[in-house]
Amino acid sequence: MKPSRWLLLIHQIPPSPVYFRARVGRRLARLGAVAIKNAVYALPAGDAAREGLRGLAREIAEDGGEATVCEAVLVEGLSDRDVKALFVAAREKDYLAIAQEARQAASKRGVDAAAELARQRKRLAEIVALDHFGAPGRAEAEASLRLLAERVAPDDHPDVRTARPAGKVRLSDYQRKTWVTRKGIHVDRIACAWLVRRFIDPKARFRFVSPDGFRAKPNEVSFDMADADFTHVGDRCSFETFVRRFDLRVPGLNAIAEIIHDLDLKDAKFGRVEAAGVGALLAGIAAAHPRDEDRIEAGSAQLDALLAGFARSRA
């Protein structure tokens, strides 16, 4: 695999004035740079990143500091995968903050929901522009904004309408399809893929993509991504949407839907005591299996067993 190219800002800032360091930190945050060691920040190589770092380096030098911008390939020590993980973690934190604040605004009285929605949508757009490696938390942030939008205009706000019809569908219309979702699948998408193969089409194929610029091909069905055929609606996660639209009445399946909801939206709506254990298991599967298809296989075996247990106990 061809190594990634990175732009590095290496800087030294005098101890005073204190605001100088804080200002540089804010600028780096706006650029989306991550620290790979003390006073060394990285961005994926590109024209916009190069101009941003060069401009910041000039400011640092003008205010009495020292700064160098260089383009580099990682050879020893940190790997490209390590640095990409730092970017994903940073954006995941940003997405989680949006999701939490949007849910709080949606649930509290006395909050100007329309103003908060506009503020968080602008913030989300800024973060998406810095999300170079597809952090999975974007779906949760978008779902929380849809929930907030529903409070602003419950009946017709565009943020709570799906791109496709949201009514019940027939199993026969979804056979021999390729199901497409964001790569790097975790809780909700692992569970959705299991549900598709278990209850909709045992021979279903999956394709994993970057959501930016995605356009479905003929015979493809998208799920758990922006404007997908099956995705978050209101305060329901994608798994719940599948169960609802396919009208799946299977003993134990609603219990699994409640667990996936609590894990994905982190709102403790159903308070399932099993959620922590299932979440730890699925996180372990994701850590052990880099390939998305392998995550589906491993997760499906566990969800099959969970469904059998709930069906027996009539949970």
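Arg-5, Asp-47, Arg-50 and Glu-71 are linked in a network of salt bridges. The model is a predicted one. Asp-47 is exposed, at 62% relative accessibility. Arg-50 is partly exposed, with a relative accessible area of 24%.

In total, the structure holds 26 salt bridges. One of them pairs Arg-23 with Glu-59, and the closest N and O atoms are 3.3 Å apart. Arg-23 lies in helix 1 (residues 18–31), whereas Glu-59 lies in helix 2 (residues 47–62), so this pair ties together parts that are 36 residues apart in sequence. Arg-23 is partly exposed, its relative accessible area being 25%. Glu-59 is likewise partly exposed, with a relative accessible area of 25%.

A further salt bridge joins Arg-197 and Glu-293, where the closest N and O atoms are 2.8 Å apart. Arg-197 is in helix 6 (residues 187–200) and Glu-293 in helix 10 (residues 292–313), so the contact ties together parts that are 96 residues apart in sequence. Arg-197 counts as partly exposed, at 22% relative accessibility.

Technical notes
Residues are numbered from 1 along each chain as its sequence is written. This is a predicted model: local features need pLDDT of at least 70, side-chain atom pairs count only at pLDDT 80 or more; totals for chains, interfaces and linings use all residues. Side-chain values use heavy atoms; hydrogens and water are left out. A salt bridge is a side-chain nitrogen of Lys or Arg within 4 Å of a carboxyl oxygen of Asp or Glu. Helices (H or I, at least four residues) and strands (E, at least two) are DSSP runs, numbered from the N terminus. Buried means under 20% relative accessible area, exposed over 50%, partly exposed in between (1.4 Å probe, protein chains only).
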